[in-house]
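Hi everyone, thanks for making time.

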Amino acid sequence: MTVAISAYFPPGTRVTQPEGGFVIWVELPGTVDATALSRRALMQGITIAPSPMFSATQKYRNFIRLNCAVDWDEQVNQALVRLGQMVGEQ
């Protein structure tokens with residue numbers, strides 16, 4: 001998933017390299033509003049977790065959390081392609 005994000009998301013995107021677990025944190029370019037992105041993605045059947053929901057002070061507004069504990073298939077790949085496009089549009 002981290003390789004796909006690197007390929008499909010715009011420059012300025014950074015991805016954690018987890019040593020365990022099943023989620024990754026993605027830092028999007030500073031102009032991206034993760035909450036607005038989450039709403040847009042959900043309208044297309046893509047579920048992401050915007051980081052402000054994990055912060056009592058609403059920090060990290062340009063971060064998202066993705067679940068990577070899924071079987072990789074074309075549907076997952078296409079969801080990441082589309083999500084990367086949406087990030088680029090913001």
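I'll talk about a pair of packed helices and then a few residues in the loops.

Quick housekeeping. This is a predicted model, where local features need pLDDT of at least 70 and side-chain atom pairs count only at pLDDT 80 or more, while totals for chains, interfaces and linings use all residues. Residues are numbered from 1 along each chain as its sequence is written, and side-chain values use heavy atoms, with hydrogens and water left out.

Okay, helices. When I say helix I mean a DSSP run of H or I with at least four residues, a strand is a run of E with at least two, and both are numbered from the N terminus. So how do α2 and α3 pack? Helix α2, residues 34–43, sits against helix α3, residues 74–89, at an angle of about 140 degrees, and their axes are 11 Å apart. That makes the pair oblique. For the cut-offs, under 35 degrees is roughly parallel, over 145 roughly antiparallel, 65 to 115 roughly perpendicular, and the rest oblique. The axes here are lines fitted to C-alpha atoms over the stretch in contact, with angles running from 0 to 180 degrees between N-to-C directions.

Which residues meet there? From α2 you've got L37, R40 and A41, and from α3 there's R82, L83, M86, V87 and E89. Contact, by the way, means heavy atoms within 4.5 Å. Sort the α2–α3 contact by class and you get five nonpolar, no polar and three charged residues. Nonpolar covers Ala, Val, Leu, Ile, Met, Phe, Trp, Tyr, Cys and Pro; charged is Asp, Glu, Lys and Arg; the others, Gly among them, are polar.

Staying with α3: it has 16 residues and runs 23 Å from first C-alpha to last, close to the 22 Å expected at 1.5 Å a residue. That expected span is 1.5 Å times one less than the number of residues. The buried residues in α3 are V76, N77, L80, V81, L83, G84, M86 and V87. Buried means under 20% relative accessible area, exposed is over 50%, and partly exposed is in between, using a 1.4 Å probe and protein chains only. Their cover includes α1 (2–8), α2 and β4 (63–67).

Back in α2, have a look at S38. S38 counts as buried, because its relative accessibility is 15%. Beyond its neighbours up to four places away in sequence, S38 touches I48 and P50.

Now the loop between β3 (49–50) and β4, which is where K59 lies. Is P52 buried or exposed? Buried, because its relative accessible area is 6%. Setting aside neighbours within four places in sequence, P52 is in contact with A34, T35, Q58, K59, Y60, R61 and F63. K59, at 49% relative accessibility, counts as partly exposed. Y60 is partly exposed as well, with a relative accessible area of 49%. What's phi doing at Y60? It's near 60 degrees, a positive value in a residue other than glycine. For background, most residues other than glycine have a negative phi.

Last stop: F22, in the loop between β1 (14–15) and β2 (23–27). Not counting residues up to four places away in sequence, F22 touches L66, N67, C68 and A69. Its C-alpha is 22 Å from that of V87, which is 65 residues away along the chain.

That's my tour, thanks!
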